[in-house]
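The following exercises concern a single protein model. Each task is followed by a worked solution in steps.

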Amino acid sequence: MRALRLVETVASLKTGYRRALVWIFGLAMIGTVLILSLILPKFNSEAATIMAINPNKGLTTGGTTVTITVPIAEDGDIIQTVTGYNCPTTRTRVYDARDNHSYYIQKLADGECWMLTNLAYAGDGADTYHDDKTITANTTNSYTDAYYYPNTGGATVTTEPVDPSVITGVGGQYGYLYNWCAAMGGQSAACDNVSTTGFDTSISICPSGWRLPTGGGGSELAGLNANINGGLANSDAGLLGDWLGVYGGSYGSGNYTNQGLNSRYWSSSVATVTTAYVLAFEPGNVSFTAGGGKLNGFSVRCVKDVATTPVLTVKFDGVPATVVSYSGTEIEVVAPAHAAGPVDVTISDGLAEDTLVDGYLYLDTVKISEVEPNKGLTAGGTEVTIKGDFPEVPLAQPSTLQDMTAEYCGSLPIYDKDAPDAASTIKLTDARDGTKYEVRRLQDGKCWFIDNLK
């Protein structure tokens, strides 16, 4: 039951006019903006979450304008939940759900979403996103066994909420080194030391939805060098700058070599049976067409595919909504007509999809159950409460702590630790200094900070 409050403003408002006003008001709700805040799904069947649908009902005639808000990834987000659409254009700290290790990411001038910190994943860990891998720390080199080498120099690991190092070149966060078998996720075709084809380049040691970049001429590594390093072969200044490259060296013949002197980063592209292309750089020299021996240990940086022309669909119980526009962070659609009753809402970005069961309720008509009071003076001005089932008036999520209202707080679901609902928690900015805080509606019905004041 939803209450709407109207004020009579016409002195001669009769019962019939009042009823007409109510019906006009109800029909006007067809054009209401429906806001869906969600994290769009990504590659490799990663979990996506529709956070809220507001309003969550409308008339069977359809026509409701729906605005789907795609939140940009923020500090403290899980790297597996970053999508090709919400990759931030500024350096942002995320963490790997497998082991809680933190990394910087950013969409760079080449249009790709990059990790800006060397990977430091030792295998196994939490398998929430079905991306744990079995690799082994070792001191020998191998083509056929998935080995990693815990780099002995520099800061190798940071854990959420610690910011990764931004030291470039010498003394940076070197991460772990991996042979190509491990870098490719231990898949058999990449580890047989016989094949140059047959492996899946979407599978790697990277977090779900991320992968190794392509290498060689015309590759993603070539595009990276062209766009952030001016295409130079005699300077690595751009790679050290925007990409935060570090001289992690390599591992071969049982020894760590060239730490603090040069970099070798794996690609997913094969050069020969025993070599794969690497991005190699050091002061005065850059190459993306060199082949590195697959048995050696090199660094890993992961990349996220960014879809520049989204294929977006929204369906209400399988019936497509009309996509009106896409602005990068918002998608507008018009809800289709449908029979009365609850329906599932499914959102797809062309890569994967997410469904909110019974996410939207179709009403066959506006239903009024009570008008209180049901009379007033001819002078008007009487405050009237109308109760019934109406398409809800949307509440826009506040962007700052200072804009938070009791009404919006009351619209959030109460957090239940046994069945957590992402919609009960929102991120708001303190307008005084720009610091972001998570706010959650708890069992007492009030909204609380769940971060300490900074």
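How many aromatic pairs does a search of the whole structure find? The search finds 15 aromatic pairs, where rings of Phe, Tyr and Trp (its six-membered ring) pair if their centres lie within 6.5 Å, and planes under 30 degrees apart count as stacked, over 60 as edge-to-face and the rest as tilted. The model is predicted: local features need pLDDT of at least 70, side-chain atom pairs count only at pLDDT 80 or more, and totals for chains, interfaces and linings use all residues. Residues are numbered from 1 along each chain as its sequence is written, and side-chain values use heavy atoms, with hydrogens and water left out.

**Exercise 1. Characterise the pair formed by Trp180 and Phe199.**

Step 1. The geometry of Trp180 and Phe199 is edge-to-face, with 5.3 Å centre to centre and 85 degrees between the planes.

Step 2. The pair links distant parts of the chain, 19 residues apart: Trp180 belongs to helix H2 (residues 180-183), and Phe199 to the loop between helix H3 (188-191) and helix H4 (220-228). Helices (H or I, at least four residues) and strands (E, at least two) are DSSP runs, numbered from the N terminus.

Step 3. Both Trp180 and Phe199 are buried, that is, under 20% relative accessible area, against over 50% for exposed and in between for partly exposed (1.4 Å probe, protein chains only).

**Exercise 2. Identify the residues of H4 that are buried, and the elements against which they pack.**

Step 1. The buried residues are Glu220, Leu221, Ala222, Leu224, Asn225 and Ile228.

Step 2. A general rule applies to such patterns: an α-helix has 3.6 residues a turn, so residues three or four places apart point the same way.

Step 3. The buried residues of H4 pack against S9, helix H5 (237-241), strand S15 (263-270), strand S16 (275-282), strand S17 (285-293) and S18.

Step 4. At the start of H4, a side-chain oxygen of Ser219 comes to within 3.4 Å of the backbone nitrogen of Leu221. Just after H4, Gly230 adopts a positive phi of about 65 degrees.

**Exercise 3. Describe how S15 and S16 are joined and paired.**

Step 1. A hairpin connects S15 to S16 through 4 residues.

Step 2. The two strands pair in the antiparallel sense over 5 bridges; strands pair if DSSP finds at least two bridges between them. Tyr265 has Leu279 in S16 as its bridge partner.

Step 3. Of the 8 residues of S15, 7 are buried. Tyr265 is also a member of one aromatic cluster with Trp114, Trp243, Tyr247 and Phe281.

**Exercise 4. Determine the strand order of the open sheet of 5 strands, and locate its edges.**

Step 1. The order is S6-S7-S8-S9-S18, with mixed pairing.

Step 2. Strand S6 (77-78) and strand S18 (303-304) are the edge strands, each pairing on one side only.

Step 3. Within the sheet, strand S8 (residues 102-107) and strand S9 (residues 113-115) are antiparallel over 3 bridges. Gln106 stands opposite Trp114 in S9.

**Exercise 5. Find the rings over which Arg98 and Arg440 sit.**

Step 1. The criterion is that NZ of Lys or CZ of Arg is within 6 Å of the ring centre and within 35 degrees of the ring normal.

Step 2. Arg98 lies over the face of Tyr121, at 3.6 Å from the ring centre.

Step 3. The charged end of Arg440 sits over the ring of Tyr415, 4.0 Å from its centre.

Notes: Contact = heavy atoms within 4.5 Å. Polar contact = N/O pair within 3.5 Å; in protein donor to acceptor, adjacent residues only side chain to side chain.
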